[in-house]
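Subject: Structure handover, aromatic contacts

Hello,

Please find the structure below.

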Amino acid sequence: MSIAAQLRDSVRLPGGRALVNGFALESRGDGSCRALLRNGHELEVHDLRELFAGERAPVVVFPLPWPRWDHGVHSVSPDGTFAVFSGQRAVRAVGRGGETLWEYRHGCWGPELGHPHTGDEQEVCRGPESGSCRVSDDGRLVWAHVMAEPEPGDWQERWVVLDARDGRELAWLPLVDSAAAGSNHLSHPDGVHMGLGIGMGQDGVLLHWARWDGEQLTGWGVNEGLDRILRDVHPGHPGFLTVEHYGADLRLHALDGTVTAEAEPEPADEEEDPPSWDYGCGFVDAGTVIASTVDAAEDPERARHWLLDAHTLRIRGVVTYPTGPVDGYVRPLGDGTWLTYDDKSETLHRWARVEVPGTR
C-alpha cells in the first residue's frame, strides 16, 4: 500500500543534514524542537518552528569552548540561557555571553592509556572517541557520559548526574564493558527517565536507562546481544523504540526493556529480496512510526520510507512523495510530521501524511 506525503515546509539550511543523520536536533517533552548546528567556532541554536516560519537568524549563539574539538554531543538548556558542551577532558557550561559558568573535569577520551598532555590543558588529543551530555527537560540537571580519571589497571566510563547550577556531581554509575566510540542521550517525556545509547563500532552498542529521584541514582541496561540502538520516545508511549544494530528488526519496549512489538522489513515488490531497516526511524505521532530501509548494497533507488502502527509495528505502507523518490534518512518530530534533507540543495523539508477522510 502506498501512503501519500505532502510537503508542509522547506528551508535552505546548510549543515541541516545533521538534523536527520546526526544528533543536532534537540527535542523537549513540551514538543519544542531546536536545531543545534556548528558553524565555524560557534554553536548556532534555531527554534525549528521559527526557522520554518521564515526566521533565519539563530535564537542564540554560543562560542565553542574548544574550537578544535569536533566530537561529542552537546545540549542547550530549555530556556536557552546556557549550553553544556561535552569535551575531550571536561564538560563545560557556557552562558549566552560566552562566559564559562562551570566546568566538570574528567579523564581524557584519547585512546592511548597514560598519554601525556602538553601545552594548553585543553589541547585535542588523538582519537575520535567521545561522550555526550544532556540538560534535563526541567533545566535542573545535566546528565553526562564521561571517562573517569584513570587509575592503575582501570579504564572506566561513567554516567554522571550534575547540578546544572554549578556542575556539582550528584551521583554516578559505572558503565561496565563500555568502550565508546560515541554516545547520545534521550530524555523520556515523563520527565523522570533518561536514556543513553553508546556506540562501540563493530563491538556493538549499549543501551542504558536511569532515573534520579533527588537522593538515589538508579540505572539498568538493555544490553542482551549488544545490538539495540535507542532511537525514539513519545509522550503517548511509556517505553521506547529501538532498531537492531544491523537493521534486522524494529522493536517497541517497555522501560524495563521488555519487548512489546517487533517488525522485520519487507520488500516493496514480490521479486525483491528483503531489505534492512536503516537507523532513521521514530514516532511521527502517538499512533504512527516511520522507518527507512535500504538493501544490502545501499542502493538509493531502493531506499524507502515506511509507516507502521506505533502500538503493533504492523507495516501500513510505503510513503510516496510528490517530488519523486526521497532517499536517505528521515527524522520524525512526534507532532504528525517528519524531516528529510536534500544534500544537493542543502534544503530541509518537513512532511506530513495526506489524510484520507474516514481513515487514520
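Predicted model: local features only at pLDDT ≥ 70, side-chain atom pairs only at ≥ 80, totals over all residues.

Residues are numbered from 1 along each chain as its sequence is written, and side-chain values use heavy atoms, with hydrogens and water left out.

There are three aromatic pairs (rings of Phe, Tyr and Trp, the last by its six-membered ring, with centres within 6.5 Å; planes under 30 degrees apart are stacked, over 60 edge-to-face, the rest tilted). One of them is Trp143 with Trp159: the centres are 5.3 Å apart and the planes at 55°, so this pair is tilted. Trp143 is in strand β11 (residues 141–147) and Trp159 in strand β12 (residues 157–163), so the pair ties together parts 16 residues apart in sequence. Strands here are DSSP runs of E, at least two residues, numbered from the N terminus. Both Trp143 and Trp159 are buried, meaning under 20% relative accessible area with a 1.4 Å probe, protein chains only.

Tyr321 and Trp351 form an edge-to-face pair, 4.6 Å centre to centre with 70° between the planes. Tyr321 and Trp351 are buried as well.

β12 also pairs with strand β13 (residues 169–174), antiparallel over five bridges; pairing needs at least two DSSP bridges. Arg158 has Pro174 as its bridge partner in β13. The charged end of Arg158 sits over the ring of Trp172, 3.6 Å from its centre (CZ of Arg or NZ of Lys within 6 Å of the ring centre and within 35 degrees of the ring normal).

Regards

How values were computed
Helix = DSSP H or I, 4+ residues; strand = E, 2+ residues; numbered from the N terminus. Buried < 20%, exposed > 50% of the residue type's maximum accessible area, 1.4 Å probe, protein only.
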